[in-house]
Amino acid sequence: MKITFGYESWAIKNDNKKVPVEWNSKTAVNPHMVLIGMSGAGKTYNLKKMVAQMCNSYDYHHQLRVHVFDVHGDIELEGASTVFFSEQTRYGLNPLEVNPDPDFGGVRKRVQSFMSTMNKVMHSMGSKQESTLRNLLIDLYARHGFVQDDPKTWKAEPVPELLTSPEHADRVYLDVPFEDKSDANRLGAQWDGIPGIKAWWIPEKEYTGGITRWPPKSLRRANPTTSDLVRFSRHVLLKSFLGTSQDAVTKLEAVNKIARTITKRGIDLQKTANLGSYDEKILSDFDKAKDEALDRYKSYLDSLSTGMELEDIIKYSSTDVLKSVLERIQNIEAMGVFKPETPPFDTSNPVWRYNIKALGLEERRLFVLFKLEEIFMRAVERGEQSDVCEVIVLDEAKIYLDSDPDNILNKIANEARKFGLALIAAGQTPVHFTADFIAATATKVVLGVDESYWKQSSNLMRIDEKQLKWIKPKRTMMVQIKASGMTATKWEYVCLPQTI
């Protein structure tokens with residue numbers, strides 16, 4: 001791939017010749033770039049031009065894929081496949097999807113990566129919170145059939161195909177085992193015996209609280225989602241709070257459900273002489289449910305013999321820690337962009353534009369960091385390449401970058417070259433980047449820097465302040481391209497084509 005930034009200023013001035021300043025993916029020491037441009041310097045225009053030139057000059061045997069993360073919604077690329085992301089869209093990203101590759105994937109890697117990204121974006125968790133979240137995730141994966149040490153169990157559908165009824169779109173069909181049918185029914189579930197269905201269901205608006213013990217019925221095994229994690233964590237919290245089994249918790253939920261019905265109907269428990277038959281049945285069910293809850297809790301206590309039965313509760317530390325972890329998970333779920341349905345990009349189109357303008361700052365960071373990690377891991381799986389076949393274009397890169405070596409941007413800058421993955425990181429000033437990140441990128445393009453940042457920029461990028469002063473936004477730029485075998489490279493004075 002090639003990009004022509006402009007023409008050498010000295011050749012135009014001295015020889016009246018147009019000598020192009022050109023980036024070549026095969027000769028640069030690595031394909032990564034930093035693009036610096038203050039507001040109004042033409043950063044968006046140049047990003048679009050660079051993407052177009054890369055696509056037009058691409059000649060490698062792999063299909064090209066360019067991921068453009070558009071934080072402002074203004075990188076409009078002609079012919080690109082654009083998808084808009086917000087909390088209202090039905091599609092998104094599932095950060096709990098397990099990579100099934102035996103060498104590069106697995107449950108442990110997915111759990112660790114999820115927790116690491118959470119810590120980068122949100123307030124860092126303490127050791128007890130991390131341990132609790134790790135156990136929650138491992139147990140959730142186990143419930144979905146994922147065994148940590150068995151790669152054969154890591155393959156599942158990325159998007160769950162749920163059981164539905166064309167005639168009843170508002171129903172949630174539940175995965176209720178036969179032995180739990182009475183408990184599900186007491187919590188409001190009803191049986192649908194229609195051939196092809198034959199499952200318990202609950203109205204969608206009532207799928208909250210205790211009934212969520214049973215997940216929606218899936219036709220094929222799928223990766224768990226953040227919604228699954230919220231539901232599972234809630235039930236673990238209830239068990240921890242009550243110090244009992246899931247069965248006893250379910251019985252207690254049934255008691256509460258009937259109690260709410262009694263309150264709603266205004267039944268006075270002290271005056272039962274003139275009740276109708278329906279209300280009498282409610283009270284009878286109430287008494288029966290209380291007895292069943294007591295029996296189930298007593299059975300659980302009677303089963304305790306060695307104390308090991310409490311292991312599931314002990315490993316989740318304390319109820320307070322569980323509450324704090326559940327709150328974090330609920331905050332992620334509430335963002336509305338972490339959904340299992342795949343975004344509707346055109347797979348035949350080389351350029352995918354992610355319009356994330358509608359997302360808040362924390363949502364953008366989580367979404368992009370999770371996505372970049374997915375892109376990087378798939379590049380590693382693809383293996384070593386002789387040329388670039390995938391490009392990430394990241395505007396306002398400061399949102400996602402920090403000095404942590406484990407930050408996915410730093411990993412890509414240092415490790416992704418041999419896997420055919422290139423990164424173009426754009427920002428308004430060099431101070432938005434770390435010195436290590438700048439040093440790891442072979443190509444640096446300066447469209448213009450506010451003079452208040454000249455001294456810092458000079459130190460970070462090894463560029464003279466006189467060179468920064470020479471730049472005239474949208475007319476001239478400074479470009480440095482480090483070729484293979486070179487340790488030091490001069491800055492090129494570049495005139496843009498339209499100014500010649």
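Tutor: Start with Pro102. Setting aside neighbours within four places in sequence, Pro102 is in contact with Pro151 and Trp154; contact means heavy atoms within 4.5 Å. Pro102 and Asp150 are 48 residues apart in sequence, yet their C-alpha atoms are 8.8 Å apart. The proline sits in the loop between strand 5 (81-84) and helix 3. Pro102 is exposed, with a relative accessible area of 54%. The scale is this: buried is under 20% relative accessible area, exposed is over 50%, and partly exposed is in between, with a 1.4 Å probe and protein chains only. Helices (H or I, at least four residues) and strands (E, at least two) are DSSP runs, numbered from the N terminus.

Some ground rules. The model is predicted, with local features needing pLDDT of at least 70 and side-chain atom pairs counting only at pLDDT 80 or more, while totals for chains, interfaces and linings use all residues. Residues are numbered from 1 along each chain as its sequence is written, and side-chain values use heavy atoms, without hydrogens and water.

Helix 3 (107-121), helix 11 (361-382) and helix 12 (408-415) each supply at least two residues to the lining of the second largest pocket. A pocket is found on a 1 Å grid over the protein atoms alone: an open set of points where a 1.4 Å probe fits, with protein on both sides within 12 Å along at least five of seven lines. Lining residues have an atom within 4 Å of a point. The space in this second largest pocket is about 720 Å³. A volume is the space filled by probe spheres set on the points, and the points are joined across faces, edges and corners. Lining residues number 34, and the closest to the centre are Lys109, Arg110, Ser113, Glu373 and Met377. Helix 11 has the largest share of that lining, eight residues. By class, the lining has 13 nonpolar, 10 polar and 11 charged residues. Here Ala, Val, Leu, Ile, Met, Phe, Trp, Tyr, Cys and Pro count as nonpolar, Asp, Glu, Lys and Arg as charged, and the others, Gly among them, as polar.

Now helix 12. Ile408 is found there. Ile408 is buried, at a relative accessible area of 9%. Beyond four places in sequence, Ile408 is in contact with Leu369, Leu372, Glu373 and Phe376. Its C-alpha atom is 6.1 Å from that of Glu373, 35 residues apart along the chain.

Leu372 leads on to the core. Phe367 and Leu372 have the most contacts inside the largest nonpolar core, which has 83 residues. Such a core is a set of buried Ala, Val, Leu, Ile, Met, Phe, Trp, Tyr and Cys residues joined through side-chain atoms within 4.5 Å. Helix 11 gives the most to this core, with 10 residues. A second, separate core has 36 residues, including Trp23 and Val479.

What about the largest pocket? Its volume is about 1,200 Å³. Among the 41 lining residues, Pro160, Leu162, Pro216, Asp228 and Arg231 are the closest to its centre. Helix 4 (127-143), strand 6 (171-174) and helix 6 (226-242) are the elements giving two or more residues. Helix 6 gives the most, five residues. The lining divides into 15 nonpolar, 11 polar and 15 charged residues.

Next, backbone angles. Most residues other than glycine have a negative phi. Arg462 has a positive phi, near 50 degrees. Arg462 lies in the loop between helix 14 (454-461) and helix 15 (465-470). Arg462 is exposed, with a relative accessible area of 66%. Phi of Lys474 is also positive, near 70 degrees. Lys474 lies in the loop between helix 15 and strand 13 (476-481).

Cysteines, briefly. A disulfide is a pair of cysteine sulfur atoms within 2.5 Å, and the count is zero. Cys389 is buried, with a relative accessible area of 2%. Cys55 is partly exposed, at 25%.

Last, the whole chain. The protein chain has 15 helices and 14 strands. Of its 500 residues, 51% count as buried. Among contacts with a separation of 6 or more, 74% join residues 24 or more positions apart.
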